[in-house]
Amino acid sequence: MKRIHNSKGAIIAFGLSVAALGFAAIAPGAPVIQSAYAKPPAPMAFCHAYPEAKACNTGFAECVACHTTPPARNAFGMQISEKLAPGVARPLSDEDFLKYLPAALKAVEDLDADSDGFSNIVEIMAGTQTADANSVPRALACAADDASRAADAQWNVCSFDAAYAFRKVHMDFCGRSPTRADMDAFRAITDEKAKLARISEALDQCLDSPYWLGPNGAVWNIANAKIRPAHAVKSGENPGPVPLGDYDDDYNLFTWANSDDHDVRDLLLAQYFVKRTGPVTLEQISEEELAKRPRGTAQPVPKEKRVGMISTRWFGAVNTMFTSIPRTTAAQAYRSYLGFDIARMQGLNTVPHEPKDYDIKGVGAPECAVCHATLDPLSYPFTRYNGISGGYSYNDDRLKDYVRVDGPRVAEAPAGGMIIGQEVADLLEWGKVAANSDAFAMKVTYDYWKLLIGREPDVNDQAEYTRMWRGLKSATTYNYRVEKMLHDLVLTNAYGRP
Amino acid sequence: MTKHIITGLAAIAALAACATAPEPGLPQFAADAPAPVASVDPRVKFKDGERYLRDLSANLDMPREEICKELSRYDCMTDAFRIVLGGVEAPNLLVNEPIENAALTSPIAVDRVALHVCSNRVRMDRENPAKAVLFRAGAFGADGQAKNPDAKWLNATADAIYGSILMRSPSEREIQNLTAYYTQVSDGRAINSPDVAADWVILSCFAVASSLEAVFY
């Protein structure tokens with residue numbers, strides 16, 4: 001799936017969100033109503049019409065398929081709008097919208113919204129943008145003559161070039177080029193299978209290197225945006241001036257789950273912690289050892305309530321902080337582990353009759369409800385986990401402490417919620433649903449793809465990218481073992497074709 | 001330093017010019033290998049400062065922690081140019097991911113690092129000729145009696161520069177480009193001066209170390 005990372009669009013969307021929140025702030029107790037302007041069911045309805053479309057890998061398309069910044073439509077959205085139930089009074093109810101949308105989509109299939117020479121339906125199925133003339137399906141094959149010449153050149157730019165991949169593996173995983181002797185020895189190999197085996201052997205060696213696995217190494221740095229460390233409030237080793245929590249625990253667990261023969265789903269399932277025993281060695285911490293920790297680095301959530309990376313002391317300290325309904329925490333978890341950035345209107349999956357606005361923040365205002373109908377049910381399972389207030393612990397009655405500040409209804413917020421269309425009873429289930437989702441496998445694969453290929457997977461990468469993340473999920477392929485996936489990723493054309 | 005940079009840029013320009021339009025009097029390579037096939041989907045990646053310095057450290061036999069220090073104190077990557085050279089610094093600067101596009105100052109930083117490293121390598125070579133990597137005096141002034149650098153010495157030095165930095169043998173054209181550049185470096189100066197020869201090695205090293213092939217992969 002191609003994710004749209006349009007910084008200008010994101011800034012505008014963020015600005016609108018801030019404006020909407022500001023409006024909500026001056027009108028507390030605003031009635032909870034569904035938006036009359038945006039159509040949150042649309043992404044899922046689009047994918048019901050085109051389940052095989054590349055944009056529907058996760059089950060729902062992104063808003064930018066039809067909008068610039070919702071509710072403003074792009075060229076494709078405007079074509080649909082013209083064909084959508086003409087003559088019927090606006091605004092359409094959600095029911096009418098869903099009823100008439102398939103016919104409208106069908107009616108514009110053969111049109112070309114962005115005038116790039118490719119019809120809308122061709123672009124939908126190819127995974128390119130229907131409203132962006134610069135986004136067009138294209139073949140990446142070399143002409144026969146070029147392919148023949150390239151095969152004899154220093155770099156074979158027309159197919160997988162084993163020598164190029166061998167060099168890249170050293171650079172990406174070991175942090176250095178191969179030696180001249182290594183390179184000469186590799187070039188002396190004539191058997192193609194032997195070349196691939198040598199690449200795999202080099203990868204195995206580099207996967208245990210400090211550059212890849214060590215503190216501040218490549219895997220560590222993938223976790224930065226998920227953990228969001230801040231030295232000023234670090235506790236434990238090398239503490240900051242206001243020590244609140246030790247993110248070393250988070251980095252260690254992340255590295256553990258992404259290395260060796262470990263299940264990467266433990267990012268959202270682990271009920272243990274990990275310590276570093278050497279530059280590239282880690283081991284699980286016993287509960288006895290964990291219990292002996294001083295107050296500043298304790299992990300107060302009891303073992304049976306732990307949910308991997310999203311229930312750690314640090315995660316609560318920097319995300320939940322002092323809030324009753326930890327929306328920031330849920331949004332960060334959704335963004336970090338499923339790849340859906342709600343601030344960019346990704347992963348919206350409206351839950352009927354939400355948001356209920358238990359804490360009287362005005363999130364039911366139409367401009368806010370577009371996102372909060374997804375975000376709030378996503379957040380409820382986090383409400384029993386304390387941030388800074390409450391000492392990072394688990395407490396079934398936690399919300400009673402917020403009644404004075406957030407009103408009496410805050411205590412009614414449920415422990416259960418909804419994530420990607422599935423009801424969950426608590427954060428443990430939230431973690432399980434998330435960890436087993438396509439979106440999680442895609443996000444794990446996406447992070448490595450971006451790091452190793454050097455860019456987001458684009459339309460021409462879809463076959464190989466899809467093979468990777470589906471393989472990660474498959475028990476008979478990589479079975480959630482990242483290193484197994486990486487062994488195949490370095491043999492893809494995307495990686496090894498110069 | 002400014003003079004070095006300007007001369008270095010001139011070196012790059014001269015090398016580029018040589019590559020596309022050989023000057024009269026120089027060997028012609030028009031019948032060289034046919035033009036390379038362009039990649040249909042190029043994915044060239046920046047090495048980033050740390051990997052760049054690690055490579056130069058290994059290839060030029062200079063300890064990583066000493067290879068490049070701004071003001072003789074600050075490591076060029078860790079302390080001086082970390083972010084513009086594609087690094088991250090999450091806990092203090094909150095830069096969680098490398099910058100998406102090179103900063104305006106990124107190429108300046110790369111050039112500065114390359115010049116630092118090459119200058120240091122040649123200085124070390126002159127201080128300890130027995131362990132010289134690039135500036136091997138050899139027949140040229142080893143005994144203090146400087147002679148005009150001959151083609152053999154120039155070719156061997158050019159070969160050492162390519163071999164050390166890019167870990168491959170240079171093509172005939174690449175050797176020719178570097179050796180022809182000596183006359184520009186020595187213009188107006190004593191051609192047999194060790195200082196001139198050292199400047200030529202520094203600037204040739206700089207030209208190769210700041211090339212696309214050395215900085216990207």
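A disulfide joins A:Cys47 to A:Cys56, with an S to S distance of 2.1 Å. The model is predicted. The A:Cys47–A:Cys56 link is left-handed, with -85 degrees about the S-S bond. A:Cys47 is buried at 6% relative accessible area, and A:Cys56 is buried at 7%.

Over all chains, a search of the whole structure finds five disulfides. Three of them are listed here.

| Disulfide | S to S distance | S-S torsion |
|---|---|---|
| A:Cys47–A:Cys56 | 2.1 Å | -85 degrees |
| A:Cys142–A:Cys158 | 2.1 Å | about -90 degrees |
| B:Cys68–B:Cys76 | 1.9 Å | about -70 degrees |

The torsion of about -90 degrees makes the disulfide of A:Cys142 and A:Cys158 left-handed. This pair links distant parts of the chain, 16 residues apart: A:Cys142 lies in the loop between helix H5 (120-126) and helix H6 (144-151) of chain A, and A:Cys158 in the loop between H6 and helix H7 (162-174) of chain A. Both cysteines of this pair are buried, as are both B:Cys68 and B:Cys76.

With bonded cysteines counted along the chain, the pairing is 1-2, 3-4, 5-6 in chain A and 1-2, 3-4 in chain B.

A:Cys66 is buried at 19% relative accessibility, but its sulfur is 9.0 Å from the closest cysteine sulfur, in A:Cys63, so the distance is too far for a bond. A:Cys371 is buried at 14%; the closest cysteine sulfur to its own is also in A:Cys63, at 7.6 Å, again too far for a bond.

Elsewhere in chain A, strands S1 (residues 274-278) and S2 (residues 281-284) pair in the antiparallel sense over four bridges. A two-residue hairpin joins S1(A) to S2(A), and A:Val274 has A:Gln284 as its bridge partner in S2(A).

Methods. Residues are numbered from 1 along each chain as its sequence is written. Chains are lettered from A and ligands numbered from 1 in the order in which they are written. This is a predicted model: local features need pLDDT of at least 70, side-chain atom pairs count only at pLDDT 80 or more; totals for chains, interfaces and linings use all residues. Side-chain values use heavy atoms; hydrogens and water are left out. Two strands pair if DSSP finds at least two bridges between them. A disulfide is a pair of cysteine sulfur atoms within 2.5 Å. Buried means under 20% relative accessible area, exposed over 50%, partly exposed in between (1.4 Å probe, protein chains only).
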